[in-house]
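Please keep the sequence and the model in view while reading.

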There are 2 protein chains.
Amino acid sequence: MIVQKFGGTSLATVTRIREVARQVAQARAAHDAVVVVVSAMGRQTDELVALARGITTEPSRRELDMLLTAGERISMSLMSMALNAIGTPAISFTGSQSGIITDTQHTRAKIVALRPIRIDEELQRGKVVIVAGFQGVSPEKEVTTLGRGGSDTTAVALAARLGAKMCEIFTDVQGVYTADPRIVSDARLLSMISYDEMVQLAASGSRVLHPRSVDLARTYKIPLWVRSSFNWNRGTLVTDGDKMESVVVTGVTSETDIAKVAIKSVPDKPGVAAIIFQALATARVNIKFIIQSIGESGHKDITVLVPSDQLSEALDAMESIVDHVEAAGVLGESDIGRVSIVGAGMAMTPGVAATMFEALASHGINIDLINTSEIRIDCIIGRNRVADAVAVLHGAFGLNRLERKESSP
Amino acid sequence: MIVQKFGGTSLATVTRIREVARQVAQARAAHDAVVVVVSAMGRQTDELVALARGITTEPSRRELDMLLTAGERISMSLMSMALNAIGTPAISFTGSQSGIITDTQHTRAKIVALRPIRIDEELQRGKVVIVAGFQGVSPEKEVTTLGRGGSDTTAVALAARLGAKMCEIFTDVQGVYTADPRIVSDARLLSMISYDEMVQLAASGSRVLHPRSVDLARTYKIPLWVRSSFNWNRGTLVTDGDKMESVVVTGVTSETDIAKVAIKSVPDKPGVAAIIFQALATARVNIKFIIQSIGESGHKDITVLVPSDQLSEALDAMESIVDHVEAAGVLGESDIGRVSIVGAGMAMTPGVAATMFEALASHGINIDLINTSEIRIDCIIGRNRVADAVAVLHGAFGLNRLERKESSP
């Protein structure tokens, strides 16, 4: 059996839903069982959020979940109708009917158990089961949503629980690229990528998959196919690293909607960091990463990167505790961006960081901050040089030339 | 406690929802407990049906229910947000969460039990409970809808089960009129009307309330207030007849989207009517009423009135059995309309029918068919004379002049 997931752009219109239904019917003919996970049509989730914002700037999260789950209810019932209309028996289930049990954290719930009893029954009757992505039900029978990347998570979790041989993620791009094709004209479509690399690419700006779903797929060893629902091409297979050819750098990613907040010359005492991050947490600031540098004797600077639209909240939060922690002051900067390279071979290959820094320097791109992990290096640079930097690094690591081993679907 | 029901036009926009929420908050301040039943926003139910029709001409009724219930999910969560935003604690519940148990007839389910356990709990916590109208859940945990007039039915049923002292039906008109104000310029708003009269008015064309909900209110003796959510005026109280001043004729109603199908000269034998009506039922024709007349010896004519848009199905159904029942032939006519008078005093007052027929005749309006019940007389006439007939009868029975006893809200 297989699980197929379709995102909002794949289901944006009645015509698209009918086209997707024809593809699902073909998949059903080729496999013993097919489960289809759907997102809301087009930008409907955003439209529902806009309605809520029209009512109040701080909607109850419980009611927001109730509201947003209407979106998948519409797309799933239409998909089921479309399949039945072409002679492929189908039935749609909400998160609750699918047995997707979550914790009680509205708008960002985590799946705690899967009891797909009704899905099993209907699969055994030969039906295609359409499942509402992004939603579940808490033990208190409250409707919840899974937050960002929720529908991908639903699909991968169900694939794991139902023992699917693979999970296909259909989207509006061709698959996973070595860099954003809108920035780098010779960016290459990867035929294969490891879970580890995909997690890093996703976390560092490739929007094709959410890191949470890739992480889940890695844990349960579910092969993920990222494919286009507009031409049904092969796309990219995300699978185990040990089946992969060793490549030093797999891709380049970037981000420009970030800002920097630094608290300067904080005394190096226990508990100071806790106060700072508690203040940011209370202000609901989403921290992208943290860099701590050594300043004058017994003091340090702490820099955090935050989403651009949270800069003022972050500055306010920092200002509110600057006297309490006896720091010298707070600085904010929004004119920055990030460029990153990702690759599983990086850890075993000396000189990758040096190559990256030299390539940037030789094009006059100044590096403000550096952050590294085993398979990823991030550089914070001026926002107006981000596109240049992506192209420079894509060339410097030969990503336009590299051929990776192809695997069969 | 009270139950308030708001229809689609009352909730058509975010601004309307916020305005309605302010009124609900006032009601909450004045009463121990308030339950609010909502329809889908504006014409959303029609828009969802149009989406389904874009997928297939014959959507699965199970999936259609899944689709349509998204509408109230959106309006109820927004209403709850709006109340919470102005400091009135509220929570929204789906039909299922409200314990509205129905049979399994998708798209036209009937309520079989009410188990409002969660509603009770939240009312005791002082919250306003917002309930999705029109929807329920079957014993098999399938989502169902109640069909036409469904939200009114939800409101009245909950009012009965929760022991509400009244049920307010908020709509886009001022209340119940002696005739359609768009047809009769001096139509009067009724301050009070009996359940029996309201059932007949509703069944004969007044679209303010569905007869099903009035019937339920009558059974459980729930006073219904029909009021406008655009100016919050007093509106019309629908209550027990015995509290009413006796008035001969309460209102005039009409209908123009009907057609007539007659099967001529049917042998007067047992079982013939059953064959005819079975054929119509199989073709899913909705029969508005039946008139059987005596024809030549041992034969009769059977005439049925059907919705205009079902005329061709009704004719086909009749043609299919015309030989089998040895009838002379089938006739269809779509150029007709109906005008009716309704009034609880009619049965005890001689000459009402005569007054009606004379008034029509004196204006040259020819009567094709007549149908009567204790508190209602229907005349089938030419479609182009229906508006005239309503005005003529409204005047003939002095409905523009009559004053009825007012009751306090």
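The points below cover the model, the chain, its sheet and the contact between the copies.

1. This is a predicted model, in which local features need pLDDT of at least 70 and side-chain atom pairs count only at pLDDT 80 or more, while totals for chains, interfaces and linings use all residues. Residues are numbered from 1 along each chain as its sequence is written, and chains are lettered from A and ligands numbered from 1 in the order in which they are written.

2. Chain A contains 11 helices and 18 strands (DSSP runs numbered from the N terminus: helices are H or I of at least four residues, strands E of at least two). The radius of gyration of chain A, taken over C-alpha atoms, is 23 Å, close to the 22 Å that the globule rule gives for 409 residues, so chain A is as compact as a globular protein of that length. That rule is 2.2 Å times the number of residues to the power 0.38. The C-alpha trace of chain A spans about 75 × 50 × 35 Å along its principal axes.

3. In chain A, 8 strands form an open sheet of mixed pairing, in the order 3-6-2-1-9-11-12-10; two strands pair if DSSP finds at least two bridges between them. Strand 3 (90–93) and strand 10 (192–194) of chain A stand at the edges with a single partner strand each, so one side of each is left without a neighbour in the sheet.

4. Strand 11 (residues 224–228) and strand 12 (residues 236–239) of chain A run antiparallel and are joined by 3 bridges. A:V226 has A:T236, in strand 12 of chain A, as its bridge partner.

5. The contact takes 28 residues from chain A and 28 residues from chain B, where two residues are in contact if their C-beta atoms, placed from the backbone, lie within 7 Å. Helix 3 of chain A gives the most to the side of chain A that touches chain B, with 14 residues. Of the interface residues of chain A, 100% are also interface residues in chain B, so the copies meet through the same surface.
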